[in-house]
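Take a first walk through this structure. Keep the sequence and the 3D view side by side.

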Amino acid sequence: MTSTAAPDESRAEGRCAGSPAVIWLVRHGKWLIILPPLLYLFVFFLIPFAFALKISFADMALRVPPFTDILTAGPDSHIRLTLNLDNYKYLFHDEIYGLSYLYSLRTAFFSTVICLLLGYPMAYAIARTSKSTQSLLLLVIILPFWTSFLLRVYALEGIIRDNGLLNSALLWLGIVHQPLRIMGTTLAVYLGIIYSYLPFMVLPLFATLEKLDHNLLEAAADLGSPPWRAFVDITLPLSVPGVIAGSMLVFIPAIGEFVIPTLLGGQNNLMIGRVLWDEFFGNRDWPVAAAVSIAFLIFLVGPIALYQHYSGKQLES
Amino acid sequence: MENRVSPLLITILCLGIAALYLPIAVMIGYSFNASALVSVWGGFSTSWYARLLHNDQILDAARLSLQIGVIVSTGSVVLGTLAAIALVRFQRFGGRLLLIGMVNAPLVMPEIITGITQLLLFISMLHLFGWPHRGALTIIIAHIAFCTSYVTITVQSRLQSADRSLEEAAMDLGAGPVGAFIDTTLPLIAPALASSWLLSLTLSLDDLVISSLVSGPGASTLPMVIFSKVKLGVSPDINALATLIICLVGACVIFAGTLMRRAERQRLQDTQLAER
């Protein structure tokens, strides 16, 4: 029984007193609300990680499902736990995983920085327009987000492929004599991430810049501060929350990205999402794929979640 | 100095927006190209659209995606709303921290990790209990799990700002706690429910990675079909399909936006009248 819910419940009990079933329902009714989502997410979101952990300690086997059991009944009918650490050792020995971890980090980081450099002036410009123009511009920025992500990546391919619009234009202008090879390169992955996630950067930046108190800037101008100085001293520090929120919204999905490296980056792209997919479907080595997932969780998702948790606490206090 | 924006900023903004829309515009252009070669303009034609109407694979996939999407968005609005009520109204219960963690985790979890771990669960479940077989059902289960997070967060913020005094008044007048909630608070959070239903539908219709991982043979959603076609190279009928989808979604978003803006204006007028 909780302190906040108690008055409501006693009131309700007073009215419906009589039937024990009703009393039971009122007293325990909150579990009818709490349990469905709690159980659902527990079974279908959290338990899967336990299975992944279990399978990451198993061996590959030629059967269905294609891995060995880590719990087996021994001859003396004791249950035996066999933990196979080879999958994790393999991750450290085969350098493709280390390389792809660093490559994914670097790609996500630089894409985020470029999104920030492009998105900041855009958000700033929108925040400076009139209210009605603002809502129109925001709609224009959000609209691509609602249309299919996959189709937008495909549309970008139409621009940057060898006989796409960009190369046709460059050839026609005589700037290049041979089509530029963009598809299948790291540049294509950068372009894909920036193109797809730029709106995620602009929106939170706009939200903080819009709330900015213009009186501060006017005061700075009155006191003789040049506009760039006022920007560096006032606007930039006050927009830090938007910068962090926008960067997170770009960095987090970019690091595990699968569609962009597969469609634009080519067969040998090192983004971790694509490498993991290959391990799973190409090599059908599920124990190693499970081990990569667990390592991914520990080295990438864990730090991000911790960071968000503590920065959230800091904001509250 | 409020409305003075430097020309440089305006230029960057316009270029940015142009860059966002140029690929889509080019794709729409290609969809009317009579020639199957992208580098050649073979004249205006709607033949790719006509061909689309006879492509059973794409039509079936679109139907399946819509069915899954409607079930997923309805299911996750129910679960997400319950979770939001639990988190806002019950400050202390066993498992509260667990629920908070599980609601927020899908937002930072790469789809491919969620998908692989869920697939491993489904495989193990099938092995142990003989259920569920991979297909539309497993896609629905997996989608509801991540859409619930988005619904919870949307509804939670609306619920926190909703005024509880009406609900308390209803209870004082003799309504039960559930009846009071349905009569007073539910209409207040209805816009959040509607928008999170639409958001879930969009997320479900658009998901490729989790669907491909947890689906089995025989159940191909629209993104899965598009992806397998696109991976093989240029296919002009995908241009036509993409144009249709983008125009449809664009029209819906603009329509919903206009409706919401009108409702907001009406609400402002009403409050002004009430204050007079």
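This is a predicted model: local features need pLDDT of at least 70, side-chain atom pairs count only at pLDDT 80 or more; totals for chains, interfaces and linings use all residues.

Residues are numbered from 1 along each chain as its sequence is written, chains are lettered from A and ligands numbered from 1 in the order in which they are written, and side-chain values use heavy atoms, leaving out hydrogens and water.

Start with confidence. pLDDT is the predictor's confidence in each residue, from 0 to 100. Chain A has a mean pLDDT of 83. In that chain, 89% of residues reach 70 or more. Residues 1-16 of chain A are another matter: pLDDT stays under 50 there. For this stretch the model has 19 contacts beyond four places in sequence. A contact means heavy atoms within 4.5 Å.

Now find Ile17(B). This residue lies in helix α1 (residues 7-31) of chain B. Helices are DSSP runs of H or I with at least four residues, numbered from the N terminus. Is Ile17(B) buried or exposed? Ile17(B) counts as buried because its relative accessibility is 15%. Buried means under 20% relative accessible area, exposed over 50%, and partly exposed in between, with a 1.4 Å probe and protein chains only. Leaving aside residues up to four places away in sequence, Ile17(B) touches Met122(A), Leu137(A), Val140(A) and Ile141(A).

Next come the helix pairs. Two packed helices are described by the angle between their axes and the distance between the axes. Axes are lines fitted to C-alpha atoms, for helices over the stretch in contact, and angles run from 0 to 180 degrees between N-to-C directions.

One pair joins the chains. Helix α6 (residues 149-160) of chain A packs against helix α10 (residues 222-231) of chain B at about 20°, with axes 11 Å apart. α6(A) is therefore roughly parallel to α10(B); angles under 35 degrees count as roughly parallel, over 145 as roughly antiparallel, 65 to 115 as roughly perpendicular and the rest as oblique. Leu150(A), Leu151(A), Tyr154(A) and Glu157(A) meet Pro223(B), Ile226(B), Phe227(B) and Val230(B).

The other pair sits in chain B. Helix α7 (residues 165-172) and helix α8 (residues 177-206) of chain B pack at about 135°, their axes 9 Å apart. So α7(B) and α8(B) are oblique to each other. From α7(B), the contact uses Leu166(B), Glu167(B), Ala170(B) and Met171(B). From α8(B) come Pro177(B), Ala180(B), Phe181(B), Thr184(B) and Thr185(B).

Terms used
Helices (H or I, at least four residues) and strands (E, at least two) are DSSP runs, numbered from the N terminus.
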